[in-house]
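Below are some notes on side-chain packing for a colleague who has the coordinates open.

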Amino acid sequence: MAPRKFFVGGNWKCNGTGEDVKKIVTVLNEAEVPSEDVVEVVVSPPYVFLAQVKGLLRLDFAVAAQNCWVRKGGAFTGEISAEMLVNLQVPWVILGHSERRALLGESNDFVADKVAYALSQGLKVIACIGETLEQRESGTTMDVVAAQTKAIAEKISDWTNVVLAYEPVWAIGTGKVATPAQAQEVHDGLRKWLHSNVSPAVAESTRIIYGGSVNGANSKELAAQPDVDGFLVGGASLKPEFVDIIKAATVKSSSA
């Protein structure tokens, strides 16, 4: 089976102005990064900037929305449907980010329904999972991420267009990073879960990426872990160091 292509996503969250967007995209467009056959790069601006970013961004990078509605559009004020994203030719969407799970009460089942619906409309999905600090300290990390993954596995049959993003909640925006060993342990556990509960082929081919205070300084060491297939980057994706994180993909290609 072909090796898993390294994946780097940049989640801009709720940040930016039109001017900021131009600056960030200019930096990305001028960057020297590994080729598309080594790394897949996706940036996720807020909805209001999606069309602007898509229009300006280099062709070897793609865009993602940060969320979408759980079913067909209609009388759902303030929501954006998967169909609208497809219509805008936005290929990717981030679903189940811990900020939405925590702040907006999105449950495992609701996130799983979103993933299934987005896939059914032809979107590719970055599906986020991860434990809180209390859960890690009580030793239930694998139970939590397995339950989050199981909810998705029960609603979908084809994993081709899914990237699983493991983001320990205690590491997001806190400056605390899971050590490379901690990240590898969970990624390995998730791959084993997929092997036993979905299929060996899905376990082998599905990219499991890490998120949580990833930056230019720690990305190479994290990328060297055998089951870390890339990153979902938050704050650092708004800075020039995002380019350094993309370059961490060469750690994988040189060892392949």
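Which residues form one aromatic cluster with Trp 69? The cluster consists of Trp 69, Phe 76 and Phe 110.

1. On the basis of these notes: this is a predicted model, in which local features need pLDDT of at least 70 and side-chain atom pairs count only at pLDDT 80 or more, while totals for chains, interfaces and linings use all residues. Residues are numbered from 1 along each chain as its sequence is written, and side-chain values use heavy atoms, with hydrogens and water left out.

2. On the aromatic pairs: the structure holds five of them, where rings of Phe, Tyr and Trp (its six-membered ring) pair if their centres lie within 6.5 Å, and planes under 30 degrees apart count as stacked, over 60 as edge-to-face and the rest as tilted. The pair of Phe 6 and Phe 231 is edge-to-face because the ring planes stand at 80°, with the centres 5.6 Å apart. Since Phe 6 lies in strand 1 (residues 6–11) and Phe 231 in strand 8 (residues 230–233), this pair ties together parts that are 225 residues apart in sequence; strands here are DSSP runs (E, at least two residues) and helices likewise (H or I, at least four), numbered from the N terminus. Both Phe 6 and Phe 231 are buried, which is to say under 20% relative accessible area, with exposed meaning over 50% and partly exposed in between (1.4 Å probe, protein chains only).

3. On the tilted pair: Trp 69 and Phe 76 have 4.7 Å centre to centre and 40° between the planes. Trp 69 is buried, at a relative accessible area of 14%, whereas Phe 76 counts as partly exposed at 27%.

4. On the charge over a ring: the charged end of Arg 58 sits over the ring of Phe 61, 4.4 Å from its centre, the criterion being NZ of Lys or CZ of Arg within 6 Å of the ring centre and within 35 degrees of the ring normal.

5. On the nonpolar cores (sets of buried Ala, Val, Leu, Ile, Met, Phe, Trp, Tyr and Cys residues joined through side-chain atoms within 4.5 Å): the largest has 72 residues, of which Val 53, Val 93, Val 115, Tyr 210 and Phe 231 touch the most other members. Helix 5 (residues 108–120) gives the most to this core, with seven residues. A second, separate core of eleven residues includes Phe 7, Cys 128, Val 163 and Ile 209.
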